Amino acid sequence: MIEFRDVTKRFDDGTTAVNGLDLVVEAGTITVFVGPSGCGKTTSLRMVNRMIDPTSGTVLVDGRDVSGVDPPTLRRGIGYVIQQAGLFPHRTVLDNVATVPLLTGWTRRKARQRAAELLELVGLPAELGRRYPVQLSGGQQQRVGVARALAADPPVLLMDEPFSAVDPVVREGLQDELLRLQAELDKTIVFVTHDIDEAIKVGEKVAVMRTGGFLAQYAPPAELLTRPADDFVAAFVGKDRGYRSLSFVDSSGVEVAEVPTVAEGAPVESSSDWRLVVDAEKRPQGWIAPDASVVPGGSLYEVGASIRGALDAALSSPSGLGVAVDGEGRLAGVVTARQVLDVIESRRG
Amino acid sequence: MIFADAFAWLVDPVNWSGGKSIPVRVGVHLLYCLGAVLGAALIAVPLGLFVGHTGRGGVVLVGGSNALRALPTLGLVTFLYLVAGGGSAGVLIGLVVLAVPPILAGTYAGIQDVDRGVVDAASGMGMTGAQRLWQVEVPNALPLLVGGLRNAMLQVVATASVAAYVGIETLGRPLLDGLRVLDYGQFVGGAILIALLAVVLDVVLAGVGRLVVPAGLRLSSRGRRAGARSSGAKPRRRGEPAPVESGGSTA
């Protein structure tokens, strides 16, 4: 657990980066600090491992005031991942990952063994360990950065805009990877980003900060979307927030209906109905229009997954019928947008 | 022909034996150069490391080292010779003063040039100041540091000739004697020897640089040129192992 108690940071030039921050980061969660530049999110993060000391107030890690701990000792017990990874260019990937174990007095052999395990954990092939950082792609460098932070198995991980410098596709992969790792490792993670979509995706709790170092709202992502505390948060969360908030509503209340199907490759004639093409395993393959032409299908959603997926399936389907599948990808039934909206309306109560 | 004369002087057996022979002068010249660069390194490297690492005193350092550059070496050597009452100390000090600025600049720039993210990560991993300096900053500063040493060596090799003015048998001797008696063969021969010595020493130091600069850094300057396959890899500002700046002799 990390606790900020009335923490303020003023820099020498007179700017106030963090203003009376009171906040508890619960153990075993990913907590995201998000906000525009100058809102103090990075400063707040850096006060946890004493890269910056607060002007006033207290920061506690697991109940212990960090100001009483010698910085190098404190930092060796807290993982640290930064933008562009900050890998040591003169060391091999393996030795980069082994940094903290070596600092804490492990033998080189043991530290390298541990580093090799971590490369595997973050999904990098072992032979990459012999390369130098410059020989890796941006995404690979970032994975090495995460592995390096995890090497001494610290309970707390600080991540300062870790994925900002990579392209969107790679970033999405890294976010998924982080969530997978977290499910396995159960660390207390503080994650700083300026990207609200990233915050909503990876955060279990999100602290929205405002220029001048004020905490605007601290809530689970669904609540930010549905009940923003003020206009600033509403504007920062952005457009489509009504639609995006549906990601946090499950679709279990939506009843699926039967739909006429046609086996793949079977002859078809025109009819008054749309018919769904399924393969031998009953997996949806597309639609047959009333005039017997073949039309590619829309998005699919899994029964019980978010209602956003159900609505999107209905909206994107050429027949207006959203296709639900089970965990194996087999047809479960169809829904209409009207049905999904009715469920949303009724949930609103 | 002046070059024929120079060649004749260079191969004349008379110039290859005795206390004033070419080998002796090369040796003396070399000794002064090595001594001066070594002495300058002992002063400039720790100072450059300190200022680069702490970030304190950079302005004073740059100003001071530029002021040193402005000193005319010939005047300085003569002055120190007179003050020290003869001997080689004055010459050596003069050459050290000349060699300090490029080494200082190379060391300081080398440390300053280390990627801020790398330095931040080093601290954030829990390195102490000294660990950060020796394990991260110094290895990454080596290309520019070695560049500073090479630059200093080139200047000192050229300038050690002035020691001849105060009676020391460096390769400046044939230049002075040659000029005095209008023996241009001797003059040009001496100049060729100095140039050769400079080239040889530079090649040797370049080789040393190749040995001490970590492989990851050599790759990074190559990788950058090759345009790297990496998507979104950061642009790296890494110094080439080349002299920091090209200062001429002030003799």
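The model is predicted.

The interface between the chains is formed by 27 residues of chain A and 26 residues of chain B. On the side of chain B that touches chain A, three helices each supply at least two residues: α6 (116-124), α7 (129-159) and α10 (215-226). When the residues of this side of chain B are sorted by class, 12 are polar, 11 are nonpolar and three are charged.

Chain B also carries annotated segments. An unreviewed UniProt entry gives the annotation "transmembrane region" to residues 30-51, 71-100 and 188-213 of chain B. Two of these stretches were examined for their secondary structure and span. Residues 30-51 of chain B are 100% helix and 0% strand, and the C-alpha atoms at the ends of this stretch lie 30 Å apart. For residues 188-213 of chain B, the chain is 96% helix and 0% strand, with 37 Å between the end C-alpha atoms.

Chain A was considered by domain. Its domain assignment gives domain 1, covering residues 2-248, and domain 2, covering residues 261-348. The centres of domain 1 and domain 2 of chain A, taken over C-alpha atoms, are separated by 40 Å. Contact between them takes four residues from domain 1 of chain A and four residues from domain 2 of chain A. On the side of domain 1 of chain A that touches domain 2 of chain A, three residues are nonpolar, one is polar and none is charged.

Definitions and conventions. Residues numbered from 1 in each chain as written. Chains lettered and ligands numbered in written order. Predicted model: local features only at pLDDT ≥ 70, side-chain atom pairs only at ≥ 80, totals over all residues. Contact = placed C-beta atoms within 7 Å. Helix = DSSP H or I, 4+ residues; strand = E, 2+ residues; numbered from the N terminus. Nonpolar A, V, L, I, M, F, W, Y, C, P; charged D, E, K, R; others polar. UniProt positions renumbered as here; feature names shortened; annotations may be inferred. Domains from an automatic or database assignment.
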